[in-house]
Amino acid sequence: KLCPLCDEAKEVLEPYKERFILQEVDITLSENSVWYDKYKYDIPVFHLNGKFLMKHRVDVQKFEDQLMKMELKND
């Protein structure tokens, strides 16, 4: 599926790729219908460690803050 906003988000997250694992979910697949129903008007949506973080665009400041908190917890 073409998703320009998703591509843009991946570019913004590129510098952080060593610090987290990006797991993409295609919400148009039938097995992901729960996500489709929840987020069809909000893509892309980002979760970090299973918790909702942000949607539509990457909020770099918010992402960095949460990533740092996560890393400090795991030390």
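## The second largest pocket

In this predicted model, the residues that line the second largest pocket divide into four nonpolar, three polar and three charged. The lining consists of Leu48, Asn49, Lys51, Phe52, Leu53, Gln66, Lys69, Met70, Lys73 and Asn74, and the volume of this second largest pocket is about 240 Å³.

Which elements each supply at least two residues of this lining? They are E2 and H3, and the largest share of the lining of the second largest pocket, five residues, is the contribution of H3.

Strand E1, residues 45–48, and strand E2, residues 51–55, run antiparallel and are joined by four bridges. Within this pairing, phenylalanine 46 has methionine 54 as its bridge partner in E2, while leucine 48 has lysine 51 as its bridge partner in E2. The two strands form a hairpin with two residues between them.

Asparagine 49, in the loop between E1 and E2, has a positive phi of about 55° although it is not a glycine. Is this asparagine 49 buried or exposed? Asparagine 49 counts as exposed because its relative accessibility is 63%, and the cut-off for that class is over 50%. Asparagine 49 is also one of the residues that line the second largest pocket.

The faces of E1 can be told apart by how they are covered: Phe46 and Leu48 make up the covered face, whereas Val45 and His47 make up the uncovered one.

## Loops on either side of the hairpin

Proline 44 lies in the loop between H2 and E1, and the peptide bond that leads from isoleucine 43 to proline 44 is cis, with omega near -10°.

Histidine 56 lies in the loop between E2 and helix H3, which spans residues 60–74. Like asparagine 49, which has a positive phi without being a glycine, histidine 56 has a positive phi although it is not a glycine, here of about 75°. Histidine 56 counts as partly exposed because its relative accessibility is 35%, and that class lies between the limits of 20% and 50%.

## The nonpolar core

The largest nonpolar core is made up of twelve residues in all, namely Ala9, Leu13, Tyr16, Phe20, Phe46, Leu48, Leu53, Met54, Val58, Phe63, Leu67 and Met70. The elements that give two or more residues to this core are helix H1 (4–13), E1, E2 and H3, and the largest share, three residues, comes from H3. In soluble globular proteins, nonpolar side chains tend to be buried together.

The two residues of the covered face of E1, Phe46 and Leu48, both belong to this core, as does Met54, the bridge partner of phenylalanine 46 in E2. Which residues is leucine 13 in contact with, once its neighbours within four places in sequence are left aside? Leucine 13 is in contact with Phe20, Leu22, Phe46, Val58 and Phe63; among these, Phe20, Phe46, Val58 and Phe63 are listed in the core along with Leu13.

## The largest pocket

The largest pocket holds about 1000 Å³ of space. It is lined by 34 residues, of which Leu22, Gln23, Glu24, Val25 and Val45 are the closest to its centre. Of these, Leu22 is in contact with leucine 13, and Val45 belongs to the uncovered face of E1.

By class, the lining of the largest pocket has 22 nonpolar, five polar and seven charged residues. At least two residues of that lining are supplied by each of H1, H2, E1, E2 and H3, and H1 gives the most, with five residues.

## Lysine 38 in helix H2

Lysine 38 is found in helix H2, which covers residues 33–39. Why does lysine 38 count as exposed? Lysine 38 is placed in this class because its relative accessibility is 53%, and the cut-off is over 50%. From C-alpha to C-alpha, lysine 38 and aspartate 59 are 20 Å apart in space, with a separation of 21 residues in sequence.

Conventions
Residues are numbered from 1 along each chain as its sequence is written. This is a predicted model: local features need pLDDT of at least 70, side-chain atom pairs count only at pLDDT 80 or more; totals for chains, interfaces and linings use all residues. Side-chain values use heavy atoms; hydrogens and water are left out. Buried means under 20% relative accessible area, exposed over 50%, partly exposed in between (1.4 Å probe, protein chains only). Two strands pair if DSSP finds at least two bridges between them. A nonpolar core is a set of buried Ala, Val, Leu, Ile, Met, Phe, Trp, Tyr and Cys residues joined through side-chain atoms within 4.5 Å. Contact means heavy atoms within 4.5 Å. On a 1 Å grid over the protein atoms alone, a cavity is a set of points where a 1.4 Å probe fits but cannot get out, and a pocket is an open set with protein on both sides within 12 Å along at least five of seven lines; lining residues have an atom within 4 Å of a point. Grid points are joined across faces, edges and corners, and a volume is the space filled by probe spheres set on the points. Ala, Val, Leu, Ile, Met, Phe, Trp, Tyr, Cys and Pro count as nonpolar, Asp, Glu, Lys and Arg as charged, and the others, Gly among them, as polar.
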